[in-house]
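Hi everyone, thanks for coming.

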Amino acid sequence: MNTVIPGLAPWNAVLAPPYLWHFAFNAIPDLPERLITGNIAPYFDYFYDYAQRPEAITLEMRSEYVRSYATESALHQGFELYRAFRQDALDNAGWNAPVMTPVVYVRGAFEGGDMSDYKAGLTGSAVELLTCTTIDGAGHYPLHEVPEVLWEAIATFIKHNGARPLVTTT
């Protein structure tokens with residue numbers, strides 16, 4: 001939801017603009033932990049304040065995110081996600097076996113980028129049962145910005161795709 005998949009188009013294009021500086025910053029070993037420990041709330045607020053509807057990400061929600069990352073281990077593991085992107089990109093770019101699991105890709109209508117680029121990246125990596133949905137009234141945080149619209153899109157996807165047998169190969 002609302003993100004590029006490492007190694008799949010438009011991965012390289014998404015990483016190019018400087019406004020996604022945090023991908024590179026968060027991947028630097030140890031530096032983000034040093035600079036953000038004790039400053040988690042202002043760091044997170046920087047991102048939330050640029051939401052399509054920043055008021056939808058309430059003080060209570062923001063406080064819970066800060067609490068969730070308040071330990072040294074939790075903060076470190078959050079940055080490890082970014083540190084794994086380079087290997088994830090290599091692994092994902094090499095994938096060519098058909099993906100028969102139904103996949104829904106959800107983006108806020110005000111999220112940057114063109115949905116068709118993300119669709120091409122997923123179908124180009126052999127995702128065969130892809131549904132792409134744009135969430136009106138949302139940017140990068142549809143879960144907070146318009147939760148009812150997001151959940152309706154997910155429920156519709158499940159209604160139409162939910163009961164498929166698992167296909168395995170041996």
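I'll go through the core, the rings, the charged pairs, the surface and then some backbone details.

A quick word on the ground rules: this is a predicted model, so local features need pLDDT of at least 70 and side-chain atom pairs count only at pLDDT 80 or more, while totals for chains, interfaces and linings use all residues. Residues are numbered from 1 along each chain as its sequence is written, and side-chain values use heavy atoms, with hydrogens and water left out.

Okay, the core. In soluble globular proteins, nonpolar side chains tend to be buried together. Here, the largest nonpolar core has 15 residues, and W11, F23, Y105 and L122 have the most contacts inside it. By nonpolar core I mean a set of buried Ala, Val, Leu, Ile, Met, Phe, Trp, Tyr and Cys residues joined through side-chain atoms within 4.5 Å. And buried means under 20% relative accessible area, exposed means over 50%, and partly exposed is in between (1.4 Å probe, protein chains only). Which helix gives the largest share of this core? That's helix 8, with three residues. Helix 1 (11-15), helix 7 (85-93) and helix 8 each supply at least two. When I say helix or strand, I mean DSSP runs numbered from the N terminus: H or I with at least four residues for helices, E with at least two for strands.

Next, the rings. There are 19 aromatic pairs in the structure. Rings of Phe, Tyr and Trp (its six-membered ring) pair if their centres lie within 6.5 Å; planes under 30 degrees apart are stacked, over 60 are edge-to-face, and the rest are tilted. Take W21 and Y46: their ring centres are 5.8 Å apart and their planes are at 65°, so that pair is edge-to-face. W21 is in helix 2 (residues 21-27) and Y46 is in helix 4 (residues 40-48), so to speak distant parts of the chain, 25 residues apart. W21 is partly exposed at 32% relative accessibility, and Y46 is partly exposed too, at 39%.

Now look at Y105 and Y118. With centres 5.6 Å apart and planes at 15°, this pair is stacked. Y105 sits in strand 1 (residues 103-108) and Y118 in helix 8 (residues 115-124), 13 residues apart. Are these two buried or exposed? Y105 is buried at 4%, and Y118 is buried at 8%.

On to charges. Side chains of opposite charge can pair when their charged atoms come close. We call it a salt bridge when a side-chain nitrogen of Lys or Arg is within 4 Å of a carboxyl oxygen of Asp or Glu. How many does a search of the whole structure find? Six. R62 takes part in a salt bridge with D45, the closest N and O atoms being 2.9 Å apart, and in another with D49, at 3.0 Å. R62 is buried at 13%, whereas D45 is partly exposed at 23% and D49 is partly exposed at 44%. R62 lies in helix 5 and D49 in the loop between helix 4 and helix 5, so the pair ties together parts 13 residues apart in sequence.

E80 and R83 form a salt bridge as well, 2.9 Å from N to O. Both lie in helix 6 (residues 72-83), three residues apart, about one turn of the helix. E33 joins E80 and R83 in a network of salt bridges.

Finally, the backbone. Most residues other than glycine have a negative phi, and most peptide bonds are trans. What is the peptide bond from A9 to P10? It's cis, with omega near 10°. D30 isn't a glycine, but its phi is positive, about 70°. D30 is in the loop between helix 2 and helix 3 (31-36). A126 has a positive phi too, near 85°, and A126 is buried, at 15% relative accessible area.
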